[in-house]
Amino acid sequence: MLLEALGSVLLGLALAWAAVRQLPDRLPSRRVVLVSGPLGALFGAYVTHAALGPGHTLAVLVGAVAVGAVLLSLLIRPSTGRLRRAFPF
């Protein structure tokens, strides 16, 4: 369990770092993103481990990355460009 937790935090931190590097203008402050990624991944690892039980390390890490990515995607703001409508009126 300890290696799953450490691995999920490192994967979440890598995911957050990649998000900060790719989308710096569409995310809130760097500190918020770099904290949210590992915390989301740790929560995802906890939930996945509780659902599957011990012995599914790879699945737990995949669940951690998935939840971390979802949490980071919630932080993305719309671009500053003009908004487009699906149906012009």
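Biologist: Which exposed residues does helix 3 carry on the face turned away from its buried side?
Modeller: This is a predicted model, where local features need pLDDT of at least 70, side-chain atom pairs count only at pLDDT 80 or more, and totals for chains, interfaces and linings use all residues. Residues are numbered from 1 along each chain as its sequence is written, and side-chain values use heavy atoms, leaving out hydrogens and water. Exposed means over 50% relative accessible area, buried under 20%, partly exposed in between (1.4 Å probe, protein chains only). On that face sit Leu-58, Val-62 and Val-70.

Biologist: How many helices and strands are there in the protein?
Modeller: Both are DSSP runs numbered from the N terminus: helices are H or I with at least four residues, strands are E with at least two. The elements run α-α-α from the N terminus on. The count is 3 helices and 0 strands.

Biologist: Why do the buried residues of helix 3 line one face?
Modeller: The buried set is Val-60, Gly-63, Ala-64, Gly-68 and Leu-72. Seen down the axis, the buried residues line one face of helix 3 because they fall within an arc of 165 degrees.

Biologist: Which helices do those buried residues of helix 3 pack against?
Modeller: Contact here means heavy atoms within 4.5 Å. Helix 3 itself covers residues 57-74. Its buried residues pack against helix 1 (2-22) and helix 2 (30-52).

Biologist: What length does helix 2 reach from its first C-alpha to its last?
Modeller: The expected span is 1.5 Å times one less than the number of residues. Helix 2 has 23 residues. Its reach is close to the expected value, at 33 Å.

Biologist: Which helices are included in the cover of the buried residues of helix 2?
Modeller: The buried residues of helix 2 include Gly-37, Pro-38, Gly-40, Ala-41, Gly-44 and His-49. The cover over the buried set includes helix 1 and helix 3.

Biologist: Which residues is Ala-16 in contact with, leaving aside neighbours within four places in sequence?
Modeller: Ala-16 belongs to helix 1. Its relative accessibility is 0%, so Ala-16 counts as buried. Its C-alpha is 8.3 Å from that of Ala-69, 53 residues apart along the chain. The contacts are Val-33, Leu-34, Gly-37, Pro-38 and Leu-72.

Biologist: Is Ser-8 buried or exposed?
Modeller: Ser-8 lies in helix 1. Beyond four places in sequence, Ser-8 touches Ala-41, Leu-42, Ala-45, Leu-61 and Ala-64. With a relative accessibility of 0%, Ser-8 counts as buried.

Biologist: Which residues form the nonpolar patch on the surface?
Modeller: Patch residues have over 30% relative accessible area and no salt bridge; like charges are joined within 9 Å, nonpolar side chains (Val, Leu, Ile, Met, Phe, Trp, Tyr) within 5 Å. A salt bridge is a side-chain nitrogen of Lys or Arg within 4 Å of a carboxyl oxygen of Asp or Glu. Helix 2 gives the most, with 3 residues. The members are Met-1, Phe-43, Tyr-46, Val-47 and Val-67.

Biologist: What share of the accessible surface belongs to carbon and sulfur atoms?
Modeller: Areas come from the Shrake-Rupley method with a 1.4 Å probe; for residues, only the protein chains shown count as cover. The accessible surface of the protein comes to about 6,500 Å². The carbon and sulfur share is 70%.

Key:
The arc is that of the directions from the helix axis to the C-beta atoms.
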